[in-house]
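Thanks for coming, everyone. Let's walk through this one together, a few places at a time. Please look at the screen.

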Amino acid sequence: MSGLVGVPYHEVRPRLGRDLSCRELVEVYLGAIEAQDGSVRAYLTVTADQARQEAEALDRRLASGEPLPPLAGMPVALKDNLCTRGVRTTCGSRILEPFVPPYDATAVRRLREAGAVVLGKTNLDEFAMGSSTENSGFGPTRNPWSLEHVPGGSSGGSAAAVAAGEAVAALGSDTGGSIRQPASLCGIVGLKPTYGRVSRYGLVAFASSLDQIGPMTLDVRDCALVLQAISGRDPHDSTSVDVPVPDFLASLEGGVRGVRVGLPAEFFGEGLDPQVREAVLRAVRVLESLGAVVEEVALPTLEYALPTYYLIACAEASSNLARYDGVAYGSRSRRAEDLYTLYARTRAEGFGPEVKRRIMLGTFALSAGYYEGFYKKAQQVRTLVRRDFDRCFQRVDVLATPTSPVAGFRLGERTADPLQMYLADVYTIPVNLAGLPGVSVPCGFADGLPVGLQLVGRPFDEATLLRVAYAYEQATEWHRARAPVLRS
Amino acid sequence: MRITPEVVERVARLSRLELTEQEREAFSAQLDSILQYFARLDRLPTEGVEPTSHAIPVTNVFREDTVTPSLPREEVAAMAPESYEGYVVVPRVLEAEA
């Protein structure tokens with residue numbers, strides 16, 4: 001039975017209701033968590049009893065002849081910034097340590113309705129602010145490929161859980177790369193949908209104009225399955241867009257013949273690890289051999305995207321995080337003397353250093369005298385970044401780039417210098433500024449650590465992204481590689 | 001613009017964050033180097049460029065104004081660090097009269 005761990009859901013599914021029950025499948029994954037999570041530390045909360053009950057309820061429905069829902073018995077993990085009714089949702093922050101939401105996020109509700117079984121809540125950089133999961137208020141997660149290395153972030157717990165066989169799929173959130181970069185570092189598939197494709201209701205807000213929820217899976221077909229389940233307009237999120245959700249599985253096998261793939265030269269310049277560069281260019285040659293037409297394109301604003309992103313994201317965060325004041329929920333300082341010290345001490349005790357840094361950066365950028373020079377300037381550059389992408393997509397259908405400039409880094413290697421950490425997201429950030437869909441798929445190794453290929457598409461054209469990613473995956477074996485922790 | 005410990009203190013007050021002396025020093029050096037890096041934006045001319053606040057153009061989303069059940073009051077009140085008979089308790093807001 002343990003041979004089921006690390007097998008994509010779509011391969012296991014035909015056995016459900018035959019020689020395998022949902023309860024047995026869930027039990028296998030709970031066993032993997034039990035065996036390994038002491039060293040990987042992907043989870044903050046494991047909801048084993050609830051998962052068993054939900055799986056048994058599904059088995060009863062199947063036994064009574066009900067049709068199998070699309071994700072029946074899929075053992076999933078949720079990033080701990082997604083609200084779960086009755087289950088603690090910490091955001092990796094001490095300030096939300098006692099927070100038990102009274103409702104499910106829409107994406108979580110939709111997953112459950114599709115039959116998925118939630119195993120627990122995964123670790124993240126506090127309030128999704130970070131690129132290594134080292135900023136968690138509850139200790140770091142480790143990369144299943146090498147426990148001395150970070151899993152990436154901020155959805156590092158979700159990525160590590162899938163890579164370590166502690167969940168078959170997970171949800172993450174991506175504000176500047178937080179799904180794609182950890183997916184790349186952990187050797188799995190991670191997709192950030194178009195802004196507005198998936199409801200953000202119940203996702204604890206970091207930067208509201210950039211945040212999106214998306215799937216993290218072992219392969220592209222599972223990714224399409226999960227995306228199908230969570231997509232679509234939701235009255236609870238007025239920024240979720242009322243556009244048709246196509247059948248992502250139906251178009252998966254269309255191939256890439258004649259698909260135009262753009263290589264933005266700026267993404268292959270200074271700062272890119274030569275081994276990563278080689279792996280990504282090799283992947284592009286595979287697409288070419290499958291019939292794709294490759295051409296070079298330009299994204300000259302790339303070097304301005306990073307500061308633009310941090311100014312906008314921090315400004316929005318400084319406003320969003322004002323709600324953590326120790327009044328209505330979360331933790332409260334015991335040293336409050338009056339209302340001001342109640343706020344200031346609750347926040348001083350509850351937030352970690354990176355969150356404080358970003359709140360102050362955002363407050364500064366929005367403050368009188370600096371607003372025009374920083375915040376408004378960043379919003380204008382955001383327009384220019386979007387125009388660069390628009391120009392590219394007049395000529396090509398998708399862009400191919402590295403997901404991360406390096407395959408990985410060691411725990412502690414970048415914590416002393418915030419700017420070095422910010423540079424980990426240099427290739428993923430522009431995609432969020434423009435609101436576009438992007439996916440990272442495994443495309444090789446550098447010094448034993450996984451490398452990811454990033455594909456970026458037109459707004460609401462996840463179908464083409466998945467089709468190209470699937471064609472690449474079918475032509476290669478990288479998605480079948482499993483972390484050492486899973487092979488033992 | 002240099003980010004001195006005094007600037008950090010002013011911003012921290014606006015942000016409702018009580019900082020220690022060490023934090024003030026560390027943040028002032030870090031924010032200073034981050035903002036210097038960010039100043040590269042000045043090299044890019046943006047005169048007359050419309051600012052983007054949202055990547056996907058969505059405006060004026062309407063819905064019917066219908067009454068639906070809200071979250072149970074007891075459950076919501078139970079989340080507060082301190083509550084009394086369904087109310088949230090905080091320190092005195094207005095100064096007591098002398």
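Let's begin inside chain A, at A:Thr45. A:Thr45 sits in strand S1 of chain A, which covers residues 43–46. One caution before going on: this is a predicted model.

Is A:Thr45 buried or exposed? Its relative accessibility is 17%. The cut-off for buried is under 20%, so A:Thr45 counts as buried. What does its side chain reach? The side chain of A:Thr45 makes a polar contact with the side chain of A:Arg88, at 3.4 Å. Leave aside neighbours within four places in sequence, and A:Thr45 is in contact with A:Val87, A:Arg88, A:Leu119, A:Gly120 and A:Lys121.

Next stop, A:Arg13. You will find A:Arg13 in the loop between helix H1 (9–12) and helix H2 (22–40) of chain A. A:Arg13 is partly exposed, with a relative accessible area of 22%. Now look at A:Pro70. A:Arg13 and A:Pro70 are 57 residues apart along the chain, and their C-alpha atoms are separated by 9.3 Å. Which residues does A:Arg13 touch, not counting those up to four places away in sequence? The answer is A:Leu68, A:Pro69, A:Pro70, A:Leu71 and A:Ala72. The side chain of A:Arg13 reaches the backbone oxygen of A:Leu68 at 3.4 Å.

On to helix H7 of chain A, residues 220–230. How many of its 11 residues are buried? The count is 10, so this helix is mostly covered. The buried residues include A:Val220, A:Cys223, A:Leu227 and A:Ile230. Look at both ends of the helix. At the start of H7(A), a side-chain oxygen of A:Asp219 comes to within 3.5 Å of the backbone nitrogen of A:Arg221. Just after H7(A), A:Gly232 takes a positive phi of about 120°.

Now the aromatics. Over all chains, a search of the whole structure finds 16 aromatic pairs. Take A:Tyr309 and A:Tyr310. Their ring centres are 4.9 Å apart and their planes stand at 90°, so this pair is edge-to-face. Both partners are covered: A:Tyr309 is buried at 4% relative accessible area, and A:Tyr310 is buried at 1%. There is also an aromatic cluster to find. One cluster is formed by A:Phe99, A:Phe127, A:Tyr324, A:Tyr329 and A:Phe351.

Last topic: the contact between the two chains. The size of an interface is often given as the accessible area lost when the parts come together. Here, chain B and chain A bury about 5400 Å² between them, with 69% of that on carbon and sulfur atoms. In chain B, the residues that lose the most area to chain A are B:Glu18, B:Phe38 and B:Leu41, together 12% of what that side buries. How many residues take part from each chain? Chain B gives 52 residues and chain A gives 66.

What about charges and polar groups? There are 7 salt bridges between chain B and chain A. One of them joins A:Glu303 to B:Arg40, with the closest N and O atoms 3.4 Å apart. Between the chains, 24 residue pairs are in polar contact, both residues at pLDDT 80 or more. On chain B's side, helix H1 (5–14) and helix H2 (21–38) are the elements that give two or more residues. The largest share, 9 residues, comes from H2(B). By type, that side of chain B divides into 33 nonpolar, 7 polar and 12 charged residues.

Definitions and conventions: Residues numbered from 1 in each chain as written. Chains lettered and ligands numbered in written order. Predicted model: local features only at pLDDT ≥ 70, side-chain atom pairs only at ≥ 80, totals over all residues. Heavy atoms only, no water. Contact = heavy atoms within 4.5 Å. Buried area = accessible area lost by both parts, 1.4 Å probe. Salt bridge = Lys/Arg side-chain N within 4 Å of Asp/Glu carboxyl O. Polar contact = N/O pair within 3.5 Å; in protein donor to acceptor, adjacent residues only side chain to side chain. Helix = DSSP H or I, 4+ residues; strand = E, 2+ residues; numbered from the N terminus. Nonpolar A, V, L, I, M, F, W, Y, C, P; charged D, E, K, R; others polar. Buried < 20%, exposed > 50% of the residue type's maximum accessible area, 1.4 Å probe, protein only. Phe/Tyr/Trp six-rings, centres within 6.5 Å; stacked < 30°, edge-to-face > 60°.
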